[in-house]
Structure formats: structure tokens, C-alpha cells
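Welcome! Please take a look at the structure below, and then let us walk through it together, topic by topic.

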Amino acid sequence: MSALPRPQVSFRRMRAPDVPPVADLERSLYEFPWSLGNFRDSLHAGYDCWVACHGDQVVGYAILMVAVDEGHLLNIAIASAWHNRGLGGSFLDHMLRVAREAGCQIVYLEVRPSNQAARHLYRKAGFQQIAIRPGYYPARGGREDALFLGLTL
Ligand SMILES: CC(C)(COP(=O)(O)OP(=O)(O)OC[C@H]1O[C@@H](n2cnc3c(N)ncnc32)[C@H](O)[C@@H]1OP(=O)(O)O)[C@@H](O)C(=O)NCCC(=O)NCCS
């Protein structure tokens, strides 16, 4: 269980003005971040782009791409000051509901083997490993494999 109390957070669809703060958050969280353009493109492509808000403050974001009955969770993140308070888990649950309502029967995602917190979160939600994608991610001094996970809804 997360040690700190879970703060009041609501989820809403990402809008264009959210993109710069979301891209700032992304840069603070990842060594190899998505660009501002990647988020803009995701919005314009009609992906399910959501933010988690504490009042007016964006504290997380997630991007789900739906193709017919399959979802691909491309990104999910919570600002580091808010980690380990249950937000990642409840945001993931929310995105799985979004996927279900969009008609998805399965959701896929990639995760770095070194990303223990995310792997824990996905395992708890019931995701299972399907494959390894060799050299999928950029990494310092080379590439890192991705674990390819899936969850049947
Ligand atoms: C992954 C992420 C979204 C989780 O968000 P969060 O709000 O901290 O998630 P929660 O508080 O709901 O749950 C975190 C769980 O991971 C566990 N955890 C944290 N660090 C861990 C570690 N190093 N090893 C194993 N488990 C860990 C916590 O104990 C907690 O488990 P519990 O609920 O069973 O106690 C967050 O770490 C994040 O934004 N990371 C950077 C972006 C990222 O890597 N996204 C995933 C890309 S695939």
C-alpha cells in the first residue's frame, strides 16, 4: 500500500493548452522524453489523451491509442512529487475504463525492464508479459529492450 494519503484528483480529457505543461512534466520524468510535438500530434490524431488534475494543477497525463478493439497505452505518468500516493493506480484504472468504453478487448503497452514502479503497477492491474522487443528504447550508451505487456479486458 502507498504510505501517504491519496490526494483529491480528477481526470479530464487533455486540451491544447495542457500540452506545454504536460511536455514540461514529461521532461522532468523521462531521460528520453516525448517532444511537445508528440503530444500535439497525439491530440490531433484523436488519441484518448487525458490529464489528472489536482484543482487546476495538471499532475499526470496518459495517452491511449485505440484501433478497433485493441488499445495501446502509449504513455502514463504522474508528477514525481505525487508518486506513491495511489494516483498512478487510479489513473491506470481510469484509462482501462476508457479503453473498455471505446470497445477494446485488450490493452497493450511497453515498459522498460528497469522501470520497477511501472512494472509493479501493471502487474497489480493484471498485465502479463507477451514478448520482449529488443533494443526498443533509447538508453545511455545504447538501447534498452521493452517488455511488451497485455491485459485482456
Ligand atoms: C509509474 C508511475 C505512473 C506510478 O505512479 P504512482 O502515482 O507512483 O503510482 P501508485 O502510487 O499508484 O503506485 C506505485 C506502486 O509502485 C510501487 N513502487 C514504487 N517504486 C517502486 C520500485 N522502485 N520498485 C517496485 N515497486 C515500486 C509503490 O510501492 C506502489 O505500489 P503499492 O500501491 O502496491 O504500494 C510513476 O512512477 C511515473 O510517473 N513514473 C514516470 C513515468 C513512467 O515511467 N511511466 C510509465 C511508462 S511505461
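Four elements each supply at least two residues of the shell around the ligand: β4 (70-78), α3 (87-101), β5 (106-111) and α4 (116-125). Keep in mind as you explore that this is a predicted model. The ligand itself sits in the largest pocket.

**Who surrounds the ligand**

- In total, 23 residues surround the ligand, and the closest are I76, N84, N115, H120 and K124.
- Which element gives the largest share of the shell around the ligand? That is α4, with 7 residues.

**Backbone contacts with the ligand**

- In N84, a backbone N or O atom lies 2.7 Å from an oxygen atom of the ligand.
- For G89, a polar backbone atom is 2.8 Å from an oxygen atom of the ligand.
- R85 also takes part: one of its polar backbone atoms is 3.2 Å from an oxygen atom of the ligand.
- How much of the ligand does the protein bury? Taken alone, the ligand exposes 970 Å², and the protein buries 78% of that.

**A look at G86**

- You can find G86 in the loop between β4 and α3.
- Is G86 buried or exposed? G86 counts as buried because its relative accessibility is 16%, and buried means under 20%.
- G86 and R6 are 80 residues apart in sequence, yet their C-alpha atoms are 5.9 Å apart in space.

Definitions and conventions
Residues are numbered from 1 along each chain as its sequence is written. This is a predicted model: local features need pLDDT of at least 70, side-chain atom pairs count only at pLDDT 80 or more; totals for chains, interfaces and linings use all residues. Side-chain values use heavy atoms; hydrogens and water are left out. A residue is near a molecule or strand if one of its heavy atoms lies within 4 Å of it. A polar contact is a pair of N or O atoms within 3.5 Å; within protein, one must be able to donate a hydrogen and the other to accept it, and residues adjacent in sequence count only if both atoms are side-chain atoms. Accessible areas come from the Shrake-Rupley method with a 1.4 Å probe; for residues, only the protein chains shown count as cover. On a 1 Å grid over the protein atoms alone, a cavity is a set of points where a 1.4 Å probe fits but cannot get out, and a pocket is an open set with protein on both sides within 12 Å along at least five of seven lines; lining residues have an atom within 4 Å of a point. A molecule sits in a cavity or pocket if more than half of its atoms lie within 2 Å of its grid points. Buried means under 20% relative accessible area, exposed over 50%, partly exposed in between (1.4 Å probe, protein chains only).
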